[in-house]
Amino acid sequence: MSALQPLDLAAIEAERTRIRDTQLASDRPASSARGVHHVALLSADVERTVRFYQGILEFPLTEVIENRDYKGSTHFFFDVGNGNLLAFFDFPGLDLGPYAEVLGGLHHLAISVDPTTWQRLRERLDAAGVDYEEESGTSLYFRDPDGARVELLAEPLGEMYGHSVR
């Protein structure tokens, strides 16, 4: 593993400003997409994943079907609100190895909840012994049973740090 190189924060901010000024249009057209249908992650144990996401995080399980792409694999879905789904696959018989953050891979999945729910889920994580990091009193970062990083964010959809990001 290589050592971290010192960062030129002024140059990074200048590049961020350049991208914002040249790519962020104030009169942008509507998106061609209707929304996120589902985000799919991997599960080593379907039952354990259901207990975590439905039992602790209160995301209702909506369906359990066979994965059309791999016989014997289960494709299952959780309701994460606003018509969005979080899906999982298991791949029995394949040794996929442990979760790893890699360039181009998933860093974390941020899910918006209202502040009252955020506090209740924080208490449920405590009761279940799930380690988490709290950031700014509005974010909880933790890992699911397979190691994927999840964030519970007590910010409205389309907002980040009190700013509109839509």
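Leu 7, Leu 9 and Ile 12 make a nonpolar surface patch of about 320 Å², where a patch joins residues with over 30% relative accessible area and no salt bridge, nonpolar side chains (Val, Leu, Ile, Met, Phe, Trp, Tyr) within 5 Å and like charges within 9 Å. This is a predicted model, in which local features need pLDDT of at least 70 and side-chain atom pairs count only at pLDDT 80 or more, while totals for chains, interfaces and linings use all residues. Residues are numbered from 1 along each chain as its sequence is written, and side-chain values use heavy atoms, with hydrogens and water left out.

**Surface patch**
- Ile 12 has its place in helix α1 (residues 9–23), helices (H or I, at least four residues) and strands (E, at least two) being DSSP runs numbered from the N terminus.
- Ile 12 counts as partly exposed because its relative accessibility is 35%; buried means under 20% relative accessible area, exposed over 50%, and partly exposed in between (1.4 Å probe, protein chains only).

**Overall architecture**
- The protein has three helices and ten strands, and along the sequence the pattern reads α-β-α-β-β-β-β-α-β-β-β-β-β.
- Taken along the principal axes, the C-alpha atoms fill a box of roughly 50 × 40 × 35 Å.
- Of the 166 residues in the protein, 25% are buried, and the accessible surface comes to about 11500 Å², with 54% of it belonging to carbon and sulfur atoms; accessible areas come from the Shrake-Rupley method with a 1.4 Å probe, and for residues only the protein chains shown count as cover.
- Among contacts (heavy atoms within 4.5 Å) between residues at least 6 apart in sequence, 48% join residues at least 24 apart.

**Charges and salt bridges**
- There are 15 positive and 27 negative side chains, and the centres of the two sets lie 4 Å apart; Lys and Arg count as positive and Asp and Glu as negative, with His and the chain ends not counted, and the place of a charge is taken as NZ of Lys, CZ of Arg, CG of Asp or CD of Glu.
- The structure holds eight salt bridges, each being a side-chain nitrogen of Lys or Arg within 4 Å of a carboxyl oxygen of Asp or Glu.
- One of these salt bridges joins the side chains of Glu 58 and Arg 124 (3.4 Å, N to O). Glu 58 lies in the loop between α2 (46–56) and β2 (61–66) and Arg 124 in helix α3 (residues 115–128), so this pair ties together parts that are 66 residues apart in sequence.
- Glu 134 and Arg 122 form another salt bridge, with their closest N and O atoms 2.9 Å apart; the pair links distant parts of the chain, Glu 134 in strand β6 (residues 132–135) and Arg 122 in helix α3, twelve residues apart.
- Salt bridges that share partners join Glu 58, Arg 120 and Arg 124 into one network.

- Glu 151, in strand β8 (residues 149–153), is buried yet has no salt bridge, the nearest side chain of opposite charge, Arg 149, being 8.7 Å away.
- Leaving aside neighbours within four places in sequence, Glu 151 is in contact with His 108, Leu 109, Ala 110, Ile 111, Ser 139, Leu 140 and Tyr 141.
- Asp 95, found in the loop between β4 (85–89) and β5 (109–112), is exposed, with a relative accessible area of 77%.
- The C-alpha atoms of Asp 95 and Pro 115 are separated by 39 Å, the two residues being 20 residues apart along the chain.
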